[in-house]
Amino acid sequence: MRRLRVRVRGQVQGVGFRPFLHGLAHRFALTGWVLNDGDGVLAELQGDGLERLLAMLTEEAPPLARIDAIETEDCPIRPDEAGFAILASRRGAVTTGVAPDAAVCPACLAELFDPMDRRYRYPFLNCAHCGPRFTITRALPYDRPQTAMAGFPLCPDCAAEYAAPADRRFHAQPTACPACGPRLSHSIEEVLAALRGGKIVAVKGLGGFHLACDAFDAAAVERLRARKQRNGKPFALMVANVASAERFVEVGAAERALLEGTARPVVLLRRRESPPLRSGGGLGRGQASPSPTLPDAIAPGLAWLGVMLPYTPIHHLLFHEAVGRPDGTTWLERPQDLALVMTSANPGGEPLAIGNDEARRRLDGIADLIVDHNRDILIRADDSVMRVVAGAPAFLRRGRGHVPVSIRLPRPGPPVLAVGGHLKATVCLTRGNEAFLSQHIGDLDNAATLEFLEESVAHLRRILAVEPVAVAHDLHPDFQGTRFAESLGLPTRPVQHHHAHIAAALAEHSVDGPALGLALDGFGLGSDGGSWGGEMLLVEGAGFTRLGHLAPLAQPGGDVAARQPWRMGAAALARMGRGAEIAERFAACGPADSVRRMIEAGVNAPPTSSCGRWFDAACGLLGVRAVAGFEGEAPMALESLVRCPTVLEGGWRIDGGVLDLTPLLENLLQINAQEGADRFHGTLSAALVDWAMPELAARGLDRIALSGGCLMNAVLAEGLSAGFAARGVAALLPRRAPVNDGGLSLGQAWVAMQSLLQEGPLRCASPSRPA
């Protein structure tokens, strides 16, 4: 006979861990108790089956649980103890985490479509293994009074389930039923009829409202694009299941796992080039047509579609209604006709709407019908967006389903807040050796997004019960994030943009020592005041040394060149000594001769080492996109053309740490866009590997960190990963945080934490060469 006190740390509250442990205790005839507290789950267990129970804790943990540590200590035996009890939660300092929102589980789906079940077609059913978590939680410990469900007293039936340790809804805080829970403002029949009628419908989800329309109705898609002022930016598509998605896109095993996982992100998938059969489509009933055609307006000119599967009961009920309300769940595996555009309800680049009154105010003139309910969303969270890169999942945007799962840092340090960059902003708060990266906040160029930034900081501080001792921000003094950081009254730590990119990759891969990194990005202020973006950095602790960079290109018109790739094409011609060709080649694009004079005079044409601008130059020369409707559109279109990357021999020069791709761009003038896309991607990857290898060898390093927005391009990321692997070097790509500016706050936090541990200011070596 033995008695142990067991501490379980990690994501173990709100995931059914206490009833799970209760069940194990009964299975192995153990006595004792279990409770939630600020540190996670605490239990005392007594009996002969302790070792078997400890093994089962990790082997059979609930699906939403993440165990970071199990700590045990012997304690005095209680000979008269009988049974095993679940005790009330203890208050105190919080060091545990809250679970992210999770898609409806199979057991709940079975109830949802069982006409004999009391929750049949109830839009808010959930259990301990699924449903809202982060977006309805005010504070920890995670108990019903601390959630948006506090105002919904449980009916007798739900209360009995909630109190029964053997029940799937034991202490499931959001649990409810038609008798006691939230209600939808419109019937599912009304919502589907509106969609079938070509209407744009705003639907309240877990982290905010979506704007939805019939994906096969080209006029509705164009109307949504115009009302939302979305230009050519692609929309996400929601379909019933993988079988439905496979009519439009290619789905590999890794992509399928992402689509069907509990997080249910938007997954970027390659379009099928030529469906075997085509049909008109539309929101029909019954079994799906073989391969309906989607309008190009969903993702204009792109080879990739963002696809997601239903993750709330409301979503599932729309598909259930469209197929004719069959009993049971077998219909969930068959292809379905219904396909919906689902995009965030955020007009004009503002944060998505979450409140009912807010939605009616902000979506007026955009949505024809607003479908809300009376369960509050306490913190907004966009859908996560992911793709498979080099054989593993990678984030393009981290949000619902993944926030606020922590990222383990190489070592603990003082609590630090980091506020990210100007575009794709996130914030990060550290606690010990954990970094809590926020959901996607957005571009900090309007008051509403700045307010959301403040909300996100306040929410993280509240649910984690952490008060930072310093705040990290971008080096750029005019970024709104910098100004916000300076307003907090805390010591500030500026972190150079590309240093933060590399630090983020190193932090999540637990690299705590000298490391080489390539930051391939659009723009970041350099420590010399210049425009950086294609950097080779040696990172050591809280400091870095700039070892090299891409050759500078003029950026005629400054920032406007990022939206007008023809200007970067003109800059490339000038670099080749062919400036006289600019006016004729780009006559139809804009003030071409004025741009030539601007470049030649060095007026309003600052030099930049940005890798993103080299992409734009290639797009401009190849005629892929003269003018882009949104950031990154031209490089996305160029990536879409790639079929088989090729390497141009002699396509680059390396001189004193500067990588010059001018020979590659000269070659692009002689070939078409399809060949050019293959050659640009293949040659750029080979050139970057060739550039970095001598520096790796000189330092005896066998790994390199890769980060920056250009690595959202899967062809480039996979080319670099394979190229370095062939030379015996491991390429560390970000997996837990976005590779773009959405991961900056993680890197800033890690650099600032190291700076504080060193008890000195951030150190940044002076550049050895000009930008």
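Visitor: What makes strand β2 and β5 count as paired?

Guide: Good place to start! This is a predicted model, and in this model three bridges join β2, residues 31-37, to β5. Pairing needs at least two bridges, so three bridges are enough for β2 and β5 to count as paired. The two strands run parallel. One of the bridge pairs is G32 with its partner F84 in β5.

Visitor: Which strands make up the sheet, and in what order?

Guide: Five strands form an open sheet in the order β4-β1-β3-β2-β5, and the pairing is mixed.

Visitor: Why are β4 and β5 called edge strands?

Guide: Each of them, β4 (66-74) and β5 (84-86), pairs on one side only. On average, neighbouring strands of this sheet are turned by 15° against each other, direction ignored.

Visitor: Which helices touch the sheet?

Guide: Helix α1, residues 17-27, lies across β1 (2-11), β2, β3 (40-47), β4 and β5. Helix α1 runs at about 175° to β5.

Visitor: Now to another helix. How do you know that the span of α13 is close to the expected one?

Guide: Helix α13 (residues 497-508) has 12 residues and reaches 17 Å from its first C-alpha to its last.

Visitor: Why is α13 called largely enclosed?

Guide: A residue is buried if its relative accessible area is under 20%. In α13, 12 of the 12 residues are buried, so the rest of the structure largely encloses this helix. Among them are H497, I502, L506 and E508.

Visitor: What is found at the two ends of α13?

Guide: At the start, a side-chain oxygen of Q496 comes to within 2.9 Å of the backbone nitrogen of H498. Just after the helix, S510 takes a positive phi of about 60°.

Visitor: What makes F724 stand out in the largest nonpolar core?

Guide: That core has 116 residues, and F724 is one of the four that touch the most other members, together with L518, L665 and L688. Helix α20 (residues 673-699) gives the most to this core, with 10 residues. The residues that F724 touches include L518, L688, M693 and V729.

How values were computed. Residues numbered from 1 in each chain as written. Predicted model: local features only at pLDDT ≥ 70, side-chain atom pairs only at ≥ 80, totals over all residues. Heavy atoms only, no water. Helix = DSSP H or I, 4+ residues; strand = E, 2+ residues; numbered from the N terminus. Axes fitted to C-alpha atoms, helices over the stretch in contact; angles between N-to-C directions. Contact = heavy atoms within 4.5 Å. Expected span 1.5 Å × (residues − 1). Buried < 20%, exposed > 50% of the residue type's maximum accessible area, 1.4 Å probe, protein only. Polar contact = N/O pair within 3.5 Å; in protein donor to acceptor, adjacent residues only side chain to side chain. Core = buried A, V, L, I, M, F, W, Y, C linked by side-chain atoms within 4.5 Å. Lists of a residue's contacts leave out its neighbours within four places in sequence.
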